[in-house]
Amino acid sequence: MSSNTEYTAKDFKSDQYVRWCPGCGDHAVVNTLQKAMAELGIPPHKTAVISGIGCSSRLPYYMNTYGFHTIHGRAAAIATGVKTANPDLTVWQITGDGDCLAIGGNHFIHALRRNVDLNIILLNNKIYGLTKGQYSPTSDRGAVTKSSPYGTVEDPFVPAELTFGARGHFFARAIDVDLAVSKEVMVEAGRHKGASVVEILQNCVIFNDHIHSYVADKEFRAERTIHLKHGEKMLFGKDLNKGLVLDDGFTLKAVTIGENGVTLNDILTHDATTQDNFLHQRLAMMDGDELPLAVGVIRSVDAPVYDQEVKKQIDSIKEKNPKKTLRDLLLSEETWEVK
């Protein structure tokens, strides 16, 4: 719950020098996150930022909140413990595609399955940056990297697909250079009760520069991305004259309003809150090629929250079995024999 105090991004900035490469997309992410936290209005002392290992995982140092720079792949496990032990804290998990989806993959999917109230910011640059350019679980097939000099022979994970496969209830996406959408989805993630995943397509200027430029560059963005908003028509294009329809009831198709008899009424309306994730999955899997890449909040569904359910259970047991003193225990019918 937010307080009555009005905060600014400065309230969430630490005094530490930001040690990322000049031009790294992480700079935009930390600045946007600080602005999102200010808008949410939750005090810094009621906020915790947990990370694993990787370039993105340095972020807690730059936040004027509680923070914990943990070990490789274990941010979700530790964040789960933090939130379960202190449900009043707002907990953000900062992770990268390697930290989250390789060594941390098991913790990631179970945090989603349990629906722990964590705000997971997954920075996806499709490379291991901190360890100098090996391919990651999201690197494209054929990617030439330090550890795949002749190209990878693997198909990548798609974070959205994993999220839905683990029964995730909130998934959003943004591009690091699109600050407005990035802030929008972070704020919505912070307001959502349960596990929220925000994938940020982030650029690594050293080892994977321009990996997202086909959708990130301004000259392409309007035509190759679609900004989804709950309750609004799925429109895209520079003139917002293109949209999405269902072809044969199952396949998404891009159409142009005014061509072949297509009208605005034919365009799908985005419903992020429907329990059925059929359409959410298809929207999230669009890749900016034949269909535009979806950004914004794609899925946001209410469901029982793990840490709240644990607290209810503990409170119920305590109510049935009031806390006793040591004297009460010693004088009770329960006895121990020490040999």
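At what angle do H2 and helix H4 (residues 105-114) pack? The angle is about 35 degrees, and their axes sit 7 Å apart. What you're looking at is a predicted model, where local features need pLDDT of at least 70, side-chain atom pairs count only at pLDDT 80 or more, and totals for chains, interfaces and linings use all residues. Residues are numbered from 1 along each chain as its sequence is written, and side-chain values use heavy atoms, leaving out hydrogens and water.

Let's stay with H2. On its side of the H4 contact (heavy atoms within 4.5 Å) you'll find Ala76, Ala77 and Thr80, which meet His107, Phe108 and Ala111 in H4.

H2 (residues 75-85) also comes up against helix H10 (residues 306-320): the axes come within 9 Å and cross at roughly 45 degrees. The two are therefore oblique to each other, the label for angles that are not under 35 degrees (roughly parallel), over 145 (roughly antiparallel) or 65 to 115 (roughly perpendicular). Thr80, Lys83 and Thr84 of H2 touch Tyr306, Asp307 and Val310 of H10.

Now for the rings. Rings of Phe, Tyr and Trp (its six-membered ring) pair if their centres lie within 6.5 Å; planes under 30 degrees apart are stacked, over 60 edge-to-face, and the rest tilted. That gives four aromatic pairs. One of them, Phe164 with Phe171, is tilted, at 6.2 Å centre to centre and 55 degrees between the planes. Phe171 has 0% relative accessibility, so it counts as buried (under 20%, with exposed over 50% and partly exposed in between, using a 1.4 Å probe and protein chains only).

Conventions:
Axes are lines fitted to C-alpha atoms, for helices over the stretch in contact, and angles run from 0 to 180 degrees between N-to-C directions. Helices (H or I, at least four residues) and strands (E, at least two) are DSSP runs, numbered from the N terminus.
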